[in-house]
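I opened a new page in my notebook today. Here is what I looked up, step by step.

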Amino acid sequence: MDDLDHRLLHLLTRDARASVTDLAAALQVSRGTVQNRIDRLLHQKVIHRFTVELGQSEEDHQISAFTLIRLKADDGRATQAALRRIDAITDIHTLSGAFDLVAELRVRSLKLLDQTLDQIRALPEVAETQSHIRLASAGKR
């Protein structure tokens, strides 16, 4: 990947819906160059997916939480596969430190959050969990 690829990825992380024409104008290259770069990045699996970020009004009606997960002696692959099958989990990351995984959850109610946490805790290789409800996002905009 070169500098143009990195700049393109930066623009796409800020707005995955940006048109190829707008991206080309921002990068000062042709539309075909941008389309070819996107196609190549998709083929190389540098870009995994384009996604939707909910607007503030929809986020106000959802509960978002992070659950830290400590595993028993498992290498984590089976547990990660089981976690991916839980609809409320939007993202999973491996960690270094005291916990092995962190799962991001989005649900409509505290009851559904509790049920989802019960599902996670019931997985055979889960030794311990610690959950944190997101109150506000302080991310870059």
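**Starting from I69**

I began with I69, which touches L83, F99, D100, L101, A103, I120, V126, E128 and T129, leaving out residues up to four places away in sequence. Contact here means heavy atoms within 4.5 Å.

I noted the ground rules next. The model is predicted, so local features need pLDDT of at least 70 and side-chain atom pairs count only at pLDDT 80 or more, while totals for chains, interfaces and linings use all residues. Residues are numbered from 1 along each chain as its sequence is written, and side-chain values use heavy atoms, with hydrogens and water left out.

**The cores**

I then looked up the largest nonpolar core, which has 19 residues; I69, L83, I89, L101, L105, L113 and I120 touch the most other members. Such a core is a set of buried Ala, Val, Leu, Ile, Met, Phe, Trp, Tyr and Cys residues joined through side-chain atoms within 4.5 Å. Buried means under 20% relative accessible area, exposed over 50%, and partly exposed in between (1.4 Å probe, protein chains only). I also found a second, separate core of 12 residues, including L4 and V34.

**The sheet**

I traced 4 strands in an open sheet, ordered 2-3-1-4 with antiparallel pairing. Strands (E, at least two residues) and helices (H or I, at least four) are DSSP runs, numbered from the N terminus. Two strands pair if DSSP finds at least two bridges between them. Strand 1 and strand 4 are joined by 7 bridges, and L71 stands opposite V126 in strand 4.

**One last residue**

I finished with T116 in helix 6 (residues 110-121). Is T116 buried or exposed? T116 counts as buried because its relative accessibility is 5%.
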